[in-house]
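Let's walk through this model together, going from charged pairs to packed helices and then to a loop. Keep the structure open beside you as you read.

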There are 2 protein chains.
Amino acid sequence: MSEKDAPADKPAGEFSRRDVIRGAVVGALGISSYAGAAQAVPSSSEDSVDLSRSHAFYGNAEQAGIRTPPQRYTFFMTFDLTTTQRTELQVLLARWSAAIAQLTKGQTIGQVEPVRDYGVGFDTGEALDLGPASLTVTVGLGLKVFTDTYGLAQHKPPLLRELKQLPSDAMKPELTGGDLSLQACADDPQVAYHAIRDLARIAKDTGAASTRWTVMGFGRASAGKGQSTPRNLLGYKDGTRNIMETADFEKFVWIKDGPAWQRYGSYQVVRKIQMHIENWDTDRVSNQNDVFGRHKVSGAPLSGVKEFDTPDFQKTGADGNLVIPATAHIALAAHENNNGLKILRRSYNYTDGINNVGLLDAGLLFISYQNDPAAFETLQTKLGASDGLNEYISHIGSGIFFVPPAPPVGSYIGGSLFV
Amino acid sequence: MSEKDAPADKPAGEFSRRDVIRGAVVGALGISSYAGAAQAVPSSSEDSVDLSRSHAFYGNAEQAGIRTPPQRYTFFMTFDLTTTQRTELQVLLARWSAAIAQLTKGQTIGQVEPVRDYGVGFDTGEALDLGPASLTVTVGLGLKVFTDTYGLAQHKPPLLRELKQLPSDAMKPELTGGDLSLQACADDPQVAYHAIRDLARIAKDTGAASTRWTVMGFGRASAGKGQSTPRNLLGYKDGTRNIMETADFEKFVWIKDGPAWQRYGSYQVVRKIQMHIENWDTDRVSNQNDVFGRHKVSGAPLSGVKEFDTPDFQKTGADGNLVIPATAHIALAAHENNNGLKILRRSYNYTDGINNVGLLDAGLLFISYQNDPAAFETLQTKLGASDGLNEYISHIGSGIFFVPPAPPVGSYIGGSLFV
C-alpha cells in the first residue's frame, strides 16, 4: 500500500474494502502500490551450504552438537528405557555410538542392500548420496539411567534432577520426560531424520528403549559470509548474545570437576515452547520491540543501532523512561542483570501445522546446555514471572539429561560408567 | 558387522547378544567391524544450493511451481471459503497475488517494522535476509469457487469434480478437501513457511477463508551437478521416470483448449500418503526391490543396471519369471502399460513425529498435475488394486483443485474469471 492508499499508522486489519479493491483488483497500479512499501532484501550468491562438511564423532573431549556451529535442522527425540538389564543398556549405547560414528561421516550403518539378496537392510537408505551435511548426534542420559536397576546409582551426576515447576509451565505429559535423548542436527533434514530413524530402529532392535516424544526443528543458522543470526517465528533474531567464546564454554557449559566420566559433559535442558503467533501478529511492532528489547528488522537493542551493540539497560529516553524496558526479554535474561550468569542455547523453530481451532501451531524448540541446571531455572523463573513474552508463549514440553563427554576412540558414549 | 561376525544372510534383528557385545563394547575392534560393512558415500563440495535464485511470478503462461525444478521444501495448505461475497473472494485472490509477487522476489509484503512506530507489521518478518530461495507459490481453486455463490458457476473447469473413491483410500476427514490451495515450495523451509503464514494471515484479514489442513514436506531435489533423484522414506529413488520434456508437459499437464482462463491451467491432485516405515524396515530388501521393481541403492530397474535404464517389463529370468514382477510399482505405473498415460509428480517426504502407539509417523506428500483428473484415478485405481506397496501405505489425505494459468502482469490469479 502506498502512503496515499493506506497511511502507515493504520493497522493492516483496518483497510476499507474500497482501499483493497482499488489497490489490488484494478491491475498493475494495485500491484505496484503493494510493492512500493515493501522492504527489499539484498540476496547474496554466497549464501550456500556445503553439504560435504562433516564433524568427527571422536577426537574432542566433549560430544559434538553442543559447541558445533548450529546446523540448519534438528530432530530431537527422547526414549523410555524398557529393559531392566544393565547389559542391554550397554549394548544400546555401544550400538548407537558405532552407528553415530558412521552416520557423521556420511556413511550408512552397514549395508542398505545386502550383497546376498535375501537379508534385511542394516540401514534404511534414504540418506544415501546426501553426504554428511554436518550431521552431529548428541546423546543424553536421564535420571533413570543412574539407578540401581543398571548398577549405576553411584555414578549419578551430582546436579542431575528433575527441573522444578516453573512459572511458564503448561506441560503436556506426552511431551515431557524420557530416559535417553538424541539431538540430531544437520544441514539437511533428511540426513537428520535418517539418523534419528535408524537409531530408533536400533533401540527397538535391542529391546532396550522405545520412542517417547520428538520435535523437528528448522532455522537458518550462520550461513555464508554474513554469519547472520537466525530469526524465530515471532520474527526476531534469536541468539545475538549467545555464548561464543571458549572461556564462556569453560565457565558455564562444561562440567570441569569430578571423575573423568563427567568432565566435559554438560546438562541438557529441552523445552518445547509453543508460540501463539496469530495473536502476536496482531500486536503493534512497537509493543513487540518493547517485549524483546530489540528492533525487529535490525535486531539492535532499543538502546543502540546495530545488532551486536551492547544493550544499555540504564539508558533513559526524553520521557525519563528506560529505553529498554526492565521487563524486556533481553533485560531479564542478560548476564549483566543475573550476576554474570550465561547458558548456551541451540534453538530451532518448529511447526505442528494447524491446531484444532484452525490457528497456526508453531513455536520454538529450545535446547540449552549448562554445567548446572539451576542456571536455566534461575533465568526461566525470572522470565516466567515478568517477561512480556508470556502472553504469547507456553512451555508445553520439557526434558533434562546429562550429556556425557565424547568417548575415547574405540569406546562408546557412557562406556566409562560401566567399567 | 564383518562377514565373520554376522553373515550377510542373517537379518539385523537376529544378532546374538554375544555378537553385539563382542562387536561393539570391547572397543576399537567393535567399531571397525561395523565400519567394514558400511557403504561409503562419496560427497561433493559442489552439493550446495544457491539461495539467491528466484522464480518470477509473472511472465510465463502457467503458474510457477509446476514445471519449476522441484525445490527442497514445501508447505502445502488448503483453506475453506468463509465468505459468500464475490468481491471478498476477488480481494483475497488479488491480495494473495500481490503478496506472492513480492515474496518470490525475496521481498517482504509491505513493511516489517513500520516507519511510524505504532502500526502492526504488514509482514511477520521471519524471512528477512533469507533471500528468495527459489520460492514459488501455486494457487489452486476448488469446486466451491465455481458456484452461483460467487457468480462463477459458468466458469467451472469442465473436468473439475470430486475424485472418486479409490481402493487405497483411508481418508481422515480433517485431512481432506478445501476450497483453495496454496503450494509454497522453496529451498529454505523458513522461506516457505513464512509465505504460507503470511498468506494465511491475509486470508484471515479479508475474512474470506480459514485454514483447513496442511503438510510440511522435505526432500533433496536435484542439487549440484549430480541432479540426483530424491529418495522417499522407504529408501527408494522417487521420480526417475517423471515428466521432463516439454512435449509431455504440453500433452499431459497443461489444459490446451477452451477459453483463455483455463489454457495453461492444470488440475492439481494432492494426497497425504502415510507410510508404515517401521513395518517396511523389517522386510527383506529383495522383497522391497520386487515391490518397487527397482534396486534400492542404484535405483536401476531390476531389468537393468543404471537408474535411467528403460525398464524391460518383458524380461524373464533363468526361472522363467518376469524380472520386474507384473505387480511391481513401476510396472503398474509405467506409461508403457497404461496406453502411454503420464502425470507430473511433485512429491515430498513428511513426518508427523511419533504416533499414539509409539511408531514413527511419516510418509509422502504426493502432488500430481495433469490436464484430466481421470489420469490420476486411472493410475491410482490400478496401483490401489494390486500394488505390493499397499501393505505399507495408506492414503489419509486428499484434495483436488483447478490451478489457473499465471495472470498477465498487473492482474491476479483467477482475475479473468471475474471479468
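The side chains of K204(A) and E278(B) meet in a salt bridge, with N and O 2.5 Å apart. A salt bridge here is a side-chain nitrogen of Lys or Arg within 4 Å of a carboxyl oxygen of Asp or Glu. This pair crosses between chains, running from helix α4 of chain A to helix α6 (residues 277-280) of chain B. Helices are DSSP runs of H or I with at least four residues, strands are runs of E with at least two, and both are numbered from the N terminus. E278(B) counts as buried, because its relative accessibility is 17%; buried means under 20% relative accessible area, exposed over 50%, and partly exposed in between, with a 1.4 Å probe and protein chains only.

Please bear in mind that this is a predicted model: local features need pLDDT of at least 70, side-chain atom pairs count only at pLDDT 80 or more, and totals for chains, interfaces and linings use all residues. Residues are numbered from 1 along each chain as its sequence is written, chains are lettered from A and ligands numbered from 1 in the order in which they are written, and side-chain values use heavy atoms, leaving out hydrogens and water.

How many salt bridges are there over all chains? The count comes to 28. Among them is the pair D80(A) and R212(A), at 3.2 Å from N to O. D80(A) sits in strand β1 (residues 73-81) of chain A and R212(A) in strand β4 (residues 209-218) of chain A, so this bridge ties together parts that are 132 residues apart in sequence. D80(A) is partly exposed at 22% relative accessible area, and R212(A) is partly exposed at 32%. Now look at chain B, where R212(B) forms a salt bridge with D80(B), the closest N and O atoms being 3.2 Å apart. Salt bridges also link E126(A), R197(A) and D281(B) in a network.

Next, turn to helix α3 (residues 86-103) and helix α4 (residues 189-206) of chain A. Their axes come within 10 Å and cross at roughly 155 degrees; axes are lines fitted to C-alpha atoms, for helices over the stretch in contact, and angles run from 0 to 180 degrees between N-to-C directions. The two helices are therefore roughly antiparallel, a word used for angles over 145 degrees. Where do they meet? On the α3(A) side, the residues include V91(A), L92(A), W96(A) and I100(A), and on the α4(A) side, L199(A), I202(A) and A203(A) are among those in contact, meaning heavy atoms within 4.5 Å.

Helix α7(A) is largely enclosed by the rest of the structure, because six of its eight residues are buried. These buried residues are V285(A), S286(A), Q288(A), N289(A), V291(A) and F292(A). Their cover includes α6 (277-280) and α8 of chain A. Just after α7(A), G293(A) takes a positive phi of about 85 degrees.

Follow the chain onward to K306(A), found in the loop between α7 (285-292) and α8 (329-333) of chain A. Is K306(A) buried or exposed? K306(A) counts as exposed, at 58% relative accessibility. Leaving aside residues up to four places away in sequence, K306(A) touches A300(A) and P301(A). R294(A) is 12 residues from K306(A) in sequence, and their C-alpha atoms are 9.9 Å apart in space.

Conventions. Parallel < 35°, antiparallel > 145°, perpendicular 65-115°, else oblique.
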